[in-house]
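Me: Hey, I'm new to this one. Can you walk me through it?

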Amino acid sequence: MPNGGCTLYVGRDPRSCQLVLPASMDHVSAVHACIVWRPESRALSLRDLSSSGTWRNGRRIEKGATVALASGDHVDLGGPELNRLGIHIPDAAAPTEPVP
């Protein structure tokens, strides 16, 4: 995470987000999602903050919901198979559920 922080915001707003996508991507919200790293438990989580949806491994996350992320997961912003982020956690086990 930037500057040793534990929270990374993803979206189109460069004032609010650390991972900024182009303003022309109108299917991505200004502040679309939040990724949180908990170093004490080596846990990574994702919270959907969007109006257009966030998907983990092909399944839509309920707006406002937080889900755990595992190494090997993929996250889509704004629609399935759009703006895909791959998750890699060094020295982490592979995901326990199959990735479609």
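Predicted model: local features only at pLDDT ≥ 70, side-chain atom pairs only at ≥ 80, totals over all residues.

Me: Ok, sheets. What's the order of the 5 strands in the open sheet with mixed pairing?
Reply: The order is E2-E1-E3-E4-E7. Strands here are DSSP runs of E, at least two residues long, numbered from the N terminus, and two strands pair if DSSP finds at least two bridges between them.

Me: Which strands stand at the edges there?
Reply: Strand E2 (19-20) and E7 do, and each has a single partner strand, so one side of each is left without a neighbour in the sheet.

Me: And do E1 and E2 run parallel or antiparallel?
Reply: Parallel: strand E1 (residues 7-11) is joined to E2 by 2 bridges. Valine 10 has leucine 19 in E2 as its bridge partner.

Me: How many bridges join E3 to E4?
Reply: There are 6, between strand E3 (residues 33-38) and strand E4 (residues 43-48), and these run antiparallel. Isoleucine 35 is partnered by leucine 46 in E4. Their hairpin has 4 residues between the strands, and arginine 42 takes a positive phi near 50 degrees there.

Me: What about E4 and E7, how do they pair?
Reply: In the antiparallel sense, over 4 bridges, with strand E7 covering residues 66-69. Leucine 44 sits opposite leucine 69 in E7.

Me: Now the open sheet of 4 strands: what's its order?
Reply: E6-E5-E8-E9, with antiparallel pairing. Strand E6 (59-61) and strand E9 (84-86) are the edge strands, pairing on one side only.

Me: Switching topic: how many disulfides does a search of the whole structure find?
Reply: It finds 0, a disulfide being a pair of cysteine sulfur atoms within 2.5 Å.

Me: Is cysteine 34 buried or exposed?
Reply: Buried, with a relative accessible area of 7%. Cysteine 6 is partly exposed, at 31%. Buried means under 20% relative accessible area, exposed over 50%, and partly exposed in between (1.4 Å probe, protein chains only).

How values were computed
Residues numbered from 1 in each chain as written. Heavy atoms only, no water.
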